[in-house]
Amino acid sequence: MRNNVTRRLLSRGRRGAQTLRRITWAEWKALGLAGGTVMAVALLLRLVSFRRVQRLLSGAASRSECSVRLSEDDEQRLLWAVAAISRRLFPARPCLTQALAAQVLLRWRKGRPAQLRIGVARADDNQIRAHAWLERDGNVLIGGGASPRVYSLLSGRAEDPL
């Protein structure tokens, strides 16, 4: 039993090391930006109200000094990094944190604007579930492609772009 556990851990460690060696410098940079942003957004969501978080992030993004427009590859890399970091830091409920982090990163790095969407749906156990995703021109950027079909949008300021 103990040998099996040890073998699995070593195998997982080797696979993780191989994955880390394959990551490019651009991906490392995106992971760093995403990591800091995701952690900052998560902390803000725990400390202050959602509206205040939106105002703070909007102000931070509008004061950014990045003048180079984000390429589509760079945008996809940032979205990948936000999703990867969010899944690992918040495995149970990463959606609002990752959607807000992606939205502010895209704006800060001069990407095209995207809208935060928040929706609700009734689950099989008759509970109400909420979900957040980021959308542009009807396409889901982060948060699951089926989200607009599964969740009914809530109205209000949550959908306004930063």
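Predicted model: local features only at pLDDT ≥ 70, side-chain atom pairs only at ≥ 80, totals over all residues.
Colleague: Why are α2 and α4 called oblique to each other?

Modeller: Helices are DSSP runs of H or I with at least four residues, strands are runs of E with at least two, and both are numbered from the N terminus. The axes of helix α2 (residues 25-47) and helix α4 (residues 72-89) come within 8 Å and cross at roughly 55°, where axes are lines fitted to C-alpha atoms, for helices over the stretch in contact, and angles run from 0 to 180 degrees between N-to-C directions. Angles under 35 degrees count as roughly parallel, over 145 as roughly antiparallel, 65 to 115 as roughly perpendicular and the rest as oblique, and α2 and α4 are therefore oblique.

Colleague: Which residues make that contact, and how do they divide by class?

Modeller: Contact means heavy atoms within 4.5 Å, and the residues that meet include Ala30, Leu31 and Val38 of α2 and Trp80, Ala81 and Ile85 of α4. They divide into 13 nonpolar, two polar and two charged, with Ala, Val, Leu, Ile, Met, Phe, Trp, Tyr, Cys and Pro counted as nonpolar, Asp, Glu, Lys and Arg as charged, and the others, Gly among them, as polar.

Colleague: What angle do α2 and α5 make, and why does it make α2 oblique to α5?

Modeller: α2 and α5 pack at an angle of about 125°, with their axes 9 Å apart, and that angle makes α2 oblique to α5. Among the residues in contact are Leu33, Thr37 and Val41 of α2 and Leu96, Leu100 and Val104 of α5, and by class this contact has twelve nonpolar, two polar and no charged residues.

Colleague: Why are α4 and α5 described as roughly antiparallel?

Modeller: The axes of α4 and α5 come within 10 Å and cross at roughly 150°, and the two helices are therefore roughly antiparallel to each other. In this contact, residues including Leu78, Val82 and Ser86 in α4 meet residues including Ala101 and Leu105 in α5, and the classes are eight nonpolar, two polar and one charged.

Colleague: What makes arginine 77 and aspartate 74 a salt bridge?

Modeller: A salt bridge is a side-chain nitrogen of Lys or Arg within 4 Å of a carboxyl oxygen of Asp or Glu, and the side chains of arginine 77 and aspartate 74 meet at 2.6 Å, N to O. Because they are three residues apart in helix α4, arginine 77 and aspartate 74 are separated by about one helical turn. The structure holds four salt bridges.

Colleague: How do you know that β1 and β2 pair, and what is found in their hairpin?

Modeller: Two strands pair if DSSP finds at least two bridges between them, and eight bridges join β1 (residues 115-122) to β2 (residues 128-136), which run antiparallel. Glutamine 115 stands opposite glutamate 135 in β2, and arginine 122 stands opposite isoleucine 128 in β2. Their hairpin has five residues between the strands, and asparagine 126 in the turn has a positive phi of about 70°.

Colleague: How many bridges pair β2 and β3, and in which sense?

Modeller: β2 and β3 pair in the antiparallel sense over three bridges, with leucine 134 opposite isoleucine 142 in β3. The hairpin of β2 and β3 has two residues between the strands, and aspartate 137 takes a positive phi near 50° there.

Colleague: What makes β3 and β4 the edge strands?

Modeller: The open sheet of four strands has the order β3-β2-β1-β4, with antiparallel pairing, and the strands β3 (139-142) and β4 (152-153) each pair on one side only. Helix α5 (residues 95-108) packs on the sheet, touching β1, β2 and β3, and its direction makes about 15° with that of β2.

Methods
Residues numbered from 1 in each chain as written. Heavy atoms only, no water.
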